[in-house]
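Have the structure open while you read.

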Amino acid sequence: MTEETALNFECETGNYHTFCPISCVAWLYQKIEDSFFLVIGTKTCGYFLQNSMGVMIFAEPRYAMAELEEGDISAKLSDYDELKRLCLQIKRDRNPSVIVWIGTCTTEIIKMDLEGIAPKLEAEIGIPIVVARANGLDYAFTQGEDTVLAAMVNRCDDTPQVEAETEVEPKKNGFSRLLNFGQKEEAETQETEYKDHPPLTLFGSVPDSVETQLTLELKKQGIKVSGWLPSKRFTELPSIEKGNYACGVHPFLSRTATNLMRRRKCKLIGAPFPIGPDGTRAWIEKICSVFNIEPEGLDEREAQIWESVEDYVKLVRGKSVFFMGDNLLEISLARFLVRCGMTVHEIGIPYMDKRYQGAELALLEQTCVEMGVDVPRIVEKPDNYRQIERIMAENPDLVITGMAHANPLEARGFSTKWSVEFTFSQIQGFTNTRDLLELVTRPLRRNNNLKELGWTDLVHEEDAKRITV
Amino acid sequence: MKLAYWMYAGPAHIGTLRIASSFKNVHAIMHAPLGDDYFNVMRSMLERDRNFTPVTTSVVDRNVLARGSQEKVVDNITRKDAEIHPDLTILTPTCTSSILQEDLENFVQRAQLDSEGDVMLADVNHYRVNELQAADKTLAQVVKFYLQKAQKKGDIATEKTAKPSVNILGPTTLGFHNQHDLTELKRLMADLGIEINQIVPQGASVHELKTLPQAWFNLVPYREVGPMAAHYLEETFGIPSVEVTPMGIVETARCIRSIQKILNDQGATVDYEEYIDNQTRFVSQAAWFSRSIDCQNLTGKKAVVFGDNTHAIAMTKILAREMGIRVVLAGTYCTYDADWFKEQVNDYCDEVLISEDNGAIGDAIARLEPAAIFGTQMERHVGKRINIPCGVIAAPIHIQDFPVGYRPFFGYEGANQVVDLVYNSFTLGMEDHLLEIFGGHDTKEVITKTVSADSDLNWTKEGLAELNKVPGFVRGKVKRNTEKYARENNIENITAEVMYSAKEAVGA
């Protein structure tokens, strides 16, 4: 991204609501099936997780709090001994393949040397321990995943992938191959469908079905995905060799990208993110262009997807949207919604990595030009109080916001969609366009249903303008 | 360090925020890192509050860590003071500020110089008290602050009201059914001819606190929040308190009799016996229910009770004394107030459990195999896992425990509600057993001819694997749609790709 962009960046006070980044354990423990997440923090962290994860908490989750007590804070107790005791208990009860320690604000402040303790304890108890400092002092919400994946990058082995496949695979899958003769042949014939290109690793945690969809999408172009970070199991982390290519599927993975480049000497493909048919297409095109492959059939594919969701696009076309900002998906979502014909008042975002999101920002700008709308202001570290003042003044048709403000805004007659849902839904790739629009249009469809009733303003007049955040 | 999967009482700052957000026009500023303001989400989601939660964070970030908050906290307080003119701003420490050891008191004093409203530091230590203790403490602190201020200014109102009157101390936001309890208490006071002097903190204005001493007595219905403020008022202004939770027929009567005594001691001549008798025998259904043959069937059935002190104690007494149910175990997570709990329930249960460990209570339930559980959301899930019905009687609670319908637990209507809760829990349990004995409602083998029953289509292995990733309740639909699509497009082998093309084509 260059300096001569027309995009307008602002930075406010950082007084905004978002989820604590430790929330990433909620989706990562489910994604990485043999993991156990230990959050080393206080009751405050535990209370947040317990309440934000709702019913998941009762399903014997593979996560727990190492709750710090006064003795831990005043260093009366040895961090090493305490962590050893808890990790042995976890090993005994759950026997995971990896224990991920989530460092919190408290471990930062008391300078608990998690990175120092982990290797020693790992050797002693025989389970890999990955340390991620996903704390609220430094990060917001989805950036938690970034810290975990960035730490996992160092755990990927660096055996050359081509050799690894020919040598290791027959051993690993020997038994299952015996059972599935036909499938093996099928796999081998498929192998030739791929074009010749250097190994590509994709990074970002998505549900398994989205992983399959995106992998198949690239397969259509003859591109083979050598591995995903994270994989379903910690024991199946992809191997990453110097000179491999890597491409992100989420906009909030700057540290992971940096680690892949600097530590593992990967080449990063800076592409827009596969959110919406426009983003997915641009993502595939960019990967193809890096590998000198002429993409095939993308025009028709994108057009066909747009056609199939026209009934939903119709509902948002010509309407306006305001992003308060809390999960870093905002730029991509705004770009998609501009393509759908919406205008964007403001894109609030916790943190803006102009390099990692460079291609996405360029696509946003280009989309605005093509759709003939003004480029929106991008507000980093927003101030919720001022944002709500702006919302009241500008009267957007839709506000995408966290749950702290959604109900108060609805009561004042604004349509809102809570942003957290975008994090927990399948929104990537061509296939999920409808699900994405389903989310965006839901408040509009609901409020259309209720419009006739005339119950839009549901607060007393003296409260209506009162913002107490 | 403690390995914990679940906690019953929240951290201290939640208690302070519950008090702050209960008052009218009081603002709380948390000294906390980004993301610690989850309280706002709970207030907005669980209570479905229509207004913005009056809580802001003075964000502790890397810079604060390196250089200290410096002007930041003071600026945030004065900014809010100018923007929304709160009567009072409460600076709320968190676990983070407890260890940063910044001089928050000094910030408060400096902010006070430039603020129109009052500014106060909540005197709670994360590592010493929990949510409930902090709420009790903060409420007492606010009450004391305004009474001392009024004393200093000399505009305190100490002469008693002409007619008997009461302060109700304790109802807060995010309290278990507190709003409904409060309505029921107001109704009860009206029935008894007692004026409400003040309700604190729910909906109260800090400027009115100076009239607290005008009440004849304080009613403190919750053991967890209110006693400290009541004791201060008793010591300083000699206002007596009634600390009997009016939950259940017997305890409601005891509460009313305590009120009667206190009023008569102060020269009133009230006799509530007839009211109690009439309500008990004819108005409320609970006493009659105890006598009815339905309740006979519950005799000697085993129940486990677990919750906060207020609700677990009251529930234990109701089950044992009013319904003849055998409480095999009564427990509380209010470990700091364990003696009170034991003293209250000892005569009404076989076993007492004082623990904050959800595993301990879960194990006890599994061991005792009661016919029903009365506990928190955690016990409800334990019950689900081992097929024992559970009625939720205490926090921690979910959104379904904030009903919009009228559901008090206190007073005579509350007794009716409790009867329904108990009865429904047990009958469901019995129905369940009968179904099991007779093998279920209906035969499960329904003979249907689905589209795929005589399918000529072939699902490939990876196709099937993808299909199995689809959540169970929509899998059938996805399968049918995919096969329909495959048939229309003359595709014989259904792969994962075909499945997703079908999804795109049908738009669902």
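Predicted model: local features only at pLDDT ≥ 70, side-chain atom pairs only at ≥ 80, totals over all residues.

Chain A brings 93 residues to the contact and chain B brings 70. Together they bury about 7,000 Å².

**What the interface is made of**
- Carbon and sulfur atoms give 57% of the area buried between chain A and chain B.
- There are 33 residue pairs in polar contact across the interface of the two chains, counting pairs with both residues at pLDDT 80 or more.
- On the side of chain A that touches chain B, you'll find 44 nonpolar, 26 polar and 23 charged residues.

**Salt bridges**
- Chain A and chain B share 6 salt bridges.
- One to look up is A:Asp138 with B:Arg62, whose side chains meet at 2.6 Å, N to O.

**Strands that pair up across the chains**
- Strand β3 of chain A (residues 63-67) is joined by 3 bridges to strand β1 of chain B (residues 2-4), and the two run antiparallel.
- Within this pairing, A:Ala66 sits opposite B:Leu3.

**Aromatic rings**
- Over all chains, the count is 21 aromatic pairs.
- Take A:Tyr29 and A:Tyr63: their ring centres are 6.2 Å apart and their planes are at 45°, so this pair counts as tilted.
- The two tyrosines come from distant parts of the chain, 34 residues apart: A:Tyr29 is in helix α1 (residues 24-31) of chain A and A:Tyr63 is in strand β3 of chain A.

Terms used: Residues numbered from 1 in each chain as written. Chains lettered and ligands numbered in written order. Heavy atoms only, no water. Contact = heavy atoms within 4.5 Å. Buried area = accessible area lost by both parts, 1.4 Å probe. Salt bridge = Lys/Arg side-chain N within 4 Å of Asp/Glu carboxyl O. Polar contact = N/O pair within 3.5 Å; in protein donor to acceptor, adjacent residues only side chain to side chain. Nonpolar A, V, L, I, M, F, W, Y, C, P; charged D, E, K, R; others polar. Pairing = 2+ DSSP bridges. Helix = DSSP H or I, 4+ residues; strand = E, 2+ residues; numbered from the N terminus. Phe/Tyr/Trp six-rings, centres within 6.5 Å; stacked < 30°, edge-to-face > 60°.
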